[in-house]
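Hi there,

Here is the structure I promised to pass on to you. Please open it alongside this note, and I will walk you through what turned up.

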Amino acid sequence: QVQLAESGGGLVQVGDSLRLSCVPSGRLLTAYVMAWFRQFPGQERKFVTAINGRTGLTYYPDSAEGRFTISRDVAKNTVQLQMNSLKPEDTAVYYCAADARRLWSRGVSQNENDYDNWGQGTQVTVSS
């Protein structure tokens with residue numbers, strides 16, 4: 001198990017940008033597939049993006065609009081989610097997740113049930 005600490009959420013205006021960060025406590029991110037999910041009220045968590053901590057390969061769902069970018073800073077042991085051109089429908093709780101089992105696999109899982117480690121979540125609110 002690894003503890004994940006998220007930061008960077010907040011209240012922004014339509015069109016603004018926001019950067020979320022996630023730090024795996026006591027573990028190197030290079031040992032995990034690191035992912036971001038978001039959860040709308042009353043719904044399950046939905047996959048946003050992921051990065052293989054070992055290779056740096058990034059993954060986005062087919063529905064991605066290109067406004068979000070995931071990256072890693074190995075020296076700082078941090079994964080970041082850069083969100084641009086934010087819309088009110090981006091309002092959600094954003095979660096960082098880590099999966100060690102697929103580190104050496106092709107691709108990543110977009111299913112929240114395949115991630116064993118979760119952060120506490122950070123609220124992102126986009127106001128119009």
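Tyrosine 115 is buried, at a relative accessible area of 3% (buried means under 20% relative accessible area, exposed over 50%, and partly exposed in between, with a 1.4 Å probe and protein chains only). Please bear in mind that this is a predicted model, in which local features need pLDDT of at least 70, side-chain atom pairs count only at pLDDT 80 or more, and totals for chains, interfaces and linings use all residues. Residues are numbered from 1 along each chain as its sequence is written, and side-chain values use heavy atoms, with hydrogens and water left out.

Back to the aromatic residues. The count comes to 5 aromatic pairs, where rings of Phe, Tyr and Trp (its six-membered ring) pair if their centres lie within 6.5 Å, and planes under 30 degrees apart count as stacked, over 60 as edge-to-face and the rest as tilted. One of them joins tyrosine 115 to tryptophan 118, edge-to-face, with 6.3 Å from centre to centre and 65° between the planes. Tryptophan 118 is partly exposed, at 21% relative accessibility. Both residues belong to one aromatic cluster, made up of Phe37, Phe47, Tyr95, Tyr115 and Trp118.

Arginine 45 lies over the face of tyrosine 95, 4.8 Å from the ring centre. Arginine 54 has its charged end over the ring of tryptophan 104, 3.7 Å from the centre.

Next, the cysteines. Searching the whole structure gives 1 disulfide (a pair of cysteine sulfur atoms within 2.5 Å). Cysteine 22 and cysteine 96 form it, with their sulfur atoms 2.0 Å apart. Strands here are DSSP runs (E, at least two residues), numbered from the N terminus. The torsion about the S-S bond is about -80°, so this disulfide is left-handed. Both cysteine 22 and cysteine 96 are buried.

What lines the largest pocket? Its space comes to about 340 Å³, and among its 17 lining residues Arg38, Pro61, Ser63, Ala64 and Glu65 are the closest to its centre. On a 1 Å grid over the protein atoms alone, a pocket is an open set of points where a 1.4 Å probe fits, with protein on both sides within 12 Å along at least five of seven lines, and lining residues have an atom within 4 Å of a point. Grid points are joined across faces, edges and corners, and the volume is the space filled by probe spheres set on the points. Strand 5 (residues 45-52) gives the largest share of the lining, 3 residues. By class, the lining has 7 nonpolar, 3 polar and 7 charged residues (Ala, Val, Leu, Ile, Met, Phe, Trp, Tyr, Cys and Pro count as nonpolar, Asp, Glu, Lys and Arg as charged, and the others, Gly among them, as polar).

Finally, a look at the loops. Asparagine 77, between strand 7 (68-73) and strand 8 (78-83), has a positive phi near 55° and is buried at 14% relative accessibility. Serine 85, in the loop between strand 8 and strand 9, has a positive phi near 50° and is partly exposed at 41%.

Note on methods. A charge sits over a ring if NZ of Lys or CZ of Arg is within 6 Å of the ring centre and within 35 degrees of the ring normal. Helices (H or I, at least four residues) and strands (E, at least two) are DSSP runs, numbered from the N terminus.
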